[in-house]
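Biologist: I've got the model open on my screen and I'd like to know what the labels rest on. Could you take me through a few of them?

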Amino acid sequence: MNESDNQVLPPEIPQAGRQVGDMQYFIEFPKAGLLCTGSFVAVRGWVWHPKGIETVECRTSRGRIPTKTRFGRADVFKALSEHPRAFHTGFYLEIEHDIWASGAELWAESCEGEWARFHTLDADLDDGSFGRAQKRLLEILVCPSCYRSIDFHIPACAGCGRPVEWMGDVPSFLGPRPSPLARGEQVSRHPVMEIIPEYLDLDSGGLFLDAGAGWPPDSRPDIIQVEIERFPSTNVVADGAELPFRPETFDGIISHAVMEHVKDPFGYAADLVRVLKPGGKFICHSAFLQPLHGYPYHYFNTTLEGLKVLFEGVKILDAGVSKFQLPWVTLEWILRSYCAGFTDSDEKERFKNMKVGDLLGDMDEDRPLRQFQSLTEETTLELAAGVYILGER
Ligand SMILES: [Zn+2]
């Protein structure tokens, strides 16, 4: 062991995040002063301490909430990679609406057992729309296996015994599932409200279902949001192919960018139709030439004819390509991903400097793109023209 091995390095601070005392931290959400909507305030960020972080907790005037999930983050590791002690703790916690008192403090415990406050949350929570939608949900909620009514906070179906997990006031038929927000991933938030009114009359006083709602930036008391994991606005956690509602329950149904993410698209389509009232309308957007993407898995893309087959037997009022799914979206997506996927920076530069004509070559024997070989495995899967499996029985 040489001398330098015995030296204790002074705690240097990485150049990222905000600094409080010895600590550095960053809060992804909620943003200060912004209005949060839904059943809980989701808090996600990371904190760095020269002695390491043991845990993070949230303190409100009504109680303490421990961290739900801790995780490492590639982007933070990258930002701190030069640092001799590049450890940090990504954290995620949820403050239920009944414990949120319009503010909360974030505290961290170092690995040496010292507690320190590092941030004060000051967002407002509006749970009005969520609460009213939840009230309507509890009037129509049934067991997805036997269709018996499910009462508020019961632990299992009184008919078949199927477990019901309650996360705050939100029932789950898929067990207690960690929120996708807990994984530190980017979550896209589709402004679905801008898409629906074209197709569905939301002001008819009816009740609507958003099957696979994600985490929309806005929500309404007359739209029940179903997801397979819980976001702040989610009303019930359930599988789309096994919806916990009686037949003919909804006046209208929205399924936006969900079809490609379900394992059983035929079962999902059939269950949407099952819970729709006669005369009710549904709008279903599905991926066709979108590359492999996100949350949580991507299974089947559909052509327009394929989408019609999924809904065979149902009256089709209109079908086509919406303005946010025009071919330029496909082309841009593919080119951006292609560009981002190079492991060889020279190839990347060469690719970026090509014109469309250069990419196409003479449209015959010459295939200029063939010479680019340094795509990552992820990008190859994301943009492949086809895939295969080899089987045996
Ligand atoms: Zn049951």
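**Labels and what backs them**

Modeller: Let's begin with H153, which sits in the loop between α3 and β12. Helices (H or I, at least four residues) and strands (E, at least two) are DSSP runs, numbered from the N terminus. Bear in mind that this is a predicted model, where local features need pLDDT of at least 70, side-chain atom pairs count only at pLDDT 80 or more, and totals for chains, interfaces and linings use all residues. Residues are numbered from 1 along each chain as its sequence is written.

Biologist: Why does H153 count as exposed?

Modeller: A residue is buried if 20 or more other C-beta atoms lie within 10 Å of its own, exposed if 12 or fewer, and partly exposed in between, with C-beta atoms placed from the backbone. H153 has 10 C-beta neighbours inside 10 Å, so it counts as exposed. Its phi is also positive, about 65°, although H153 is not a glycine.

Biologist: And what makes Y147 partly exposed?

Modeller: Y147 has 15 C-beta neighbours inside 10 Å, so it falls in the partly exposed class. Y147 is found in the loop between α3 and β12 too, and its phi is near 65°, a positive value in a residue other than glycine.

Biologist: What is the peptide bond between F29 and P30 called, cis or trans?

Modeller: Cis, with omega about 5°. P30 belongs to the loop between β2 (23-29) and β3 (35-37).

Biologist: What makes something a nonpolar core?

Modeller: That's a set of buried Ala, Val, Leu, Ile, Met, Phe, Trp, Tyr and Cys residues joined through C-beta atoms within 7 Å. The largest one here has 41 residues, and F208, L209, I224, V226, V236, I253 and L272 touch the most other members. Elements that each supply at least two residues of this core include α3 (128-140), β14 (208-211) and β17 (250-256). Another core, of 29 residues, lies apart from it, with V47, F91, A108 and F231 among its members.

Biologist: Which residues is V226 in contact with, leaving aside its neighbours within four places in sequence?

Modeller: Contact means that the C-beta atoms, placed from the backbone, lie within 7 Å. V226 has L209, D210, A211, G212, A213, V236, A238, G240 and L243 as contacts on that basis.

Biologist: How do you know that β9 and β10 pair?

Modeller: Two strands pair if DSSP finds at least two bridges between them. Six bridges join β9 (residues 104-110) to β10, and the two run antiparallel. E105 stands opposite T120 in β10.

Technical notes:
Contact = placed C-beta atoms within 7 Å.
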